[in-house]
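Have a look at the structure first, then follow along with me.

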Amino acid sequence: MTCSDLTGGYEFYDSGEIAFVFDLELPTAVFDKADYADGFYVLGAEQRVENGGKLGVTVSQSVIGGEPRRESPSDFDSEDVERSGTLSFNGEDRPIWAFPATETGAVRTVELPYEVEGETHYCKTNVDVGVSVETERECSAVFEEVAEHVVLSLTPDEDSTITSEMKTYV
């Protein structure tokens with residue numbers, strides 16, 4: 001498997017009854033490896049590559065809700081964060097933030113609005129696409145493309161269990 005295999009198509013992943021507030025599309029090349037880590041709120045979909053590393057997509061979501069915290073690049077610790085686009089989710093347009101791509105990966109982050117007991121909470125969601133070990137191939141453009149596709153594919157999960165698992169800021 002190579003990084004370009006990640007762009008060979010996408011399949012819809014129905015999150016079902018887990019804490020994720022979204023459903024999404026994952027690359028077909030890693031779809032059958034998708035595994036949700038209950039309690040960590042992480043979905044990993046990875047395949048082994050020739051040098052012993054793993055290549056794929058990791059999606060994580062915080063179940064700590066609250067007000068949106070990242071509305072401009074200055075809200076991040078890194079100076080290189082840029083707005084890559086906008087995601088319409090649950091009736092709101094939310095900024096998508098891109099961290100600089102590297103030889104080993106690309107990251108997108110967005111805060112998703114979700115109503116819990118009549119109050120809108122924003123759940124920080126990260127899409128991380130990459131490889132666990134450095135490769136000789138230049139993959140950063142592929143990682144960027146896949147990260148953007150996956151984050152733009154996020155749609156509300158009507159079966160989410162977020163209400164029972166959400167914690168609020170103290």
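I began with α2, which lies across β1 and β2 and runs at about 150° to β2. I noted for myself that this is a predicted model.

Next I looked up which strands β1 and β2 belong to. They sit in an open sheet of three strands, in the order β1-β2-β11, with antiparallel pairing. β1 (10–13) and β11 (155–156) are at the edges with a single partner strand each, so one side of each has no neighbour in the sheet. I then followed the pairing of β1 with β2, which is antiparallel and spans four bridges.

**The seven-stranded sheet**

What is the order of the strands in the open sheet of seven? I read it as β3-β4-β5-β10-β9-β8-β7, again with antiparallel pairing. The edges belong to β3 (35–37) and β7; each has a single partner strand, so one side of each is left without a neighbour in the sheet. From one strand to the next, the twist averages 20°.

I stayed with β9 and β10 for a moment, as they pair in the antiparallel sense over twelve bridges. Val-116 has Glu-119 of β10 as its bridge partner.

**The core**

I turned to the largest nonpolar core and found that it has 42 residues. Phe-22, Leu-24, Phe-143, Leu-154 and Ile-162 have the most contacts inside it. Among the elements that give two or more residues to this core are β2 (22–27), β9 (105–116), β10 (119–131) and α2 (140–152). α2 gives the most, with six residues.

Leaving aside neighbours within four places in sequence, Phe-22 is in contact with residues including Val-59, Phe-89, Leu-112, Leu-154 and Pro-156.

**Cysteines**

How many disulfides does a search of the whole structure find? I noted one. This disulfide joins Cys-3 to Cys-139, with 2.2 Å from S to S. The link of Cys-3 and Cys-139 is left-handed, at -80° about the S-S bond. Cys-3 lies in the segment before β1 and Cys-139 in the loop between β10 and α2, so the pair ties together parts that are 136 residues apart in sequence.

Last, I checked burial. Cys-3 counts as buried at 8% relative accessibility, and Cys-139 is buried with a relative accessible area of 2%. Cys-123 is buried too, at 0%.

Conventions. Residues numbered from 1 in each chain as written. Predicted model: local features only at pLDDT ≥ 70, side-chain atom pairs only at ≥ 80, totals over all residues. Heavy atoms only, no water. Core = buried A, V, L, I, M, F, W, Y, C linked by side-chain atoms within 4.5 Å. Buried < 20%, exposed > 50% of the residue type's maximum accessible area, 1.4 Å probe, protein only. Contact = heavy atoms within 4.5 Å. Pairing = 2+ DSSP bridges. Axes fitted to C-alpha atoms, helices over the stretch in contact; angles between N-to-C directions. Disulfide = S-S within 2.5 Å.
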